[in-house]
Amino acid sequence: MEKIAIVYYSRRGQNYVAGSIEELPVGNTERLARMLRNAVGGDLFEIETVSPYPADYTETTEVAKAEKRSHARPALKAVPDLSAYDVVFLGYPNWWGTCPMAVFTLLDAQDLAGKTIAPFCTSEGSGLGSSERDLKRACKGATVVPGLAVIGHEVQGAEDAAARWARSVLD
Ligand SMILES: Cc1cc2nc3c(=O)[nH]c(=O)nc-3n(C[C@H](O)[C@H](O)[C@H](O)COP(=O)(O)O)c2cc1C
């Protein structure tokens, strides 16, 4: 039996939803992470930054843009120990074409050699962007399998597709 971790970053609150700004009590990526856990089990870990992003959506996009430019590594509240896991499902929203920098803070603190990394990403249309390529660089010695991309406001209807993808990763 492979040991599975489902690790995700997700920002709840004000977000861009199909052309307008809405308040989301649970983030899209968090919803998707929970679906994957229902499908294949595993231990669920949320990545949280010490400093919260602004409540305002547009302000968050500006902070995130600056972090991407400077290759920032925002401090995390806790770094899960992934050493015991064989397969890591790694979830995040697409921020400016790739993962939020907090995901790289997590990866920098891990030795992921020999593990399977399965990326899952929500976005408003950019899909995985360059994240798979960026993850391959950050996860040295790991196998990064083709990821799952879901439109954020369509996560609710993605349960079956998400379960099929998760099972295919484990085959
Ligand atoms: C800082 C920031 C940058 C974003 N950049 C993109 C982008 O480049 N392309 C895109 O399609 N969506 C972009 N989005 C939209 C999010 O990827 C999308 O709403 C996602 O589902 C949010 O997931 P979450 O609720 O788990 O945080 C951005 C959102 C934020 C807050």
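Mentor: Let's start with a term: two strands count as paired when DSSP finds at least two bridges between them. Keep in mind that this is a predicted model.

Trainee: Thanks! Which residue is the bridge partner of T116 in β7?

Mentor: T143 is the partner of T116 there. β7 covers residues 143-144, runs parallel to β6 and is joined to β6 by two bridges.

Trainee: Over how many bridges do β5 and β6 pair?

Mentor: Seven, in the parallel sense. Look for L90, which stands opposite P119 of β6. To get from β5 to β6 the chain passes through α3, making a right-handed β-α-β crossover.

Trainee: And how many bridges pair β6 with β8?

Mentor: Four, again in the parallel sense; C121 has A149 of β8 as its bridge partner.

Trainee: Why is β6 largely enclosed by the rest of the structure?

Mentor: A residue is buried if 20 or more other C-beta atoms lie within 10 Å of its own. Seven of the eight residues of β6 are buried, so the rest of the structure largely encloses this strand.

Trainee: How should I read the largest nonpolar core, and how many residues has it?

Mentor: In soluble globular proteins, nonpolar side chains tend to be buried together. Here the largest such core has 44 residues, and those with the most contacts inside it include L36, F89 and A162. α3 gives the most, with six residues. A162 touches L32, M35, L36, A39 and L148, leaving aside residues up to four places away in sequence.

Key. Residues are numbered from 1 along each chain as its sequence is written. This is a predicted model: local features need pLDDT of at least 70, side-chain atom pairs count only at pLDDT 80 or more; totals for chains, interfaces and linings use all residues. A nonpolar core is a set of buried Ala, Val, Leu, Ile, Met, Phe, Trp, Tyr and Cys residues joined through C-beta atoms within 7 Å. A residue is buried if 20 or more other C-beta atoms lie within 10 Å of its own, exposed if 12 or fewer, and partly exposed in between; C-beta atoms are placed from the backbone. Two residues are in contact if their C-beta atoms, placed from the backbone, lie within 7 Å. A crossover is right-handed if, with the strands pointing away from the viewer, the path from the first strand over the helix to the second runs clockwise.
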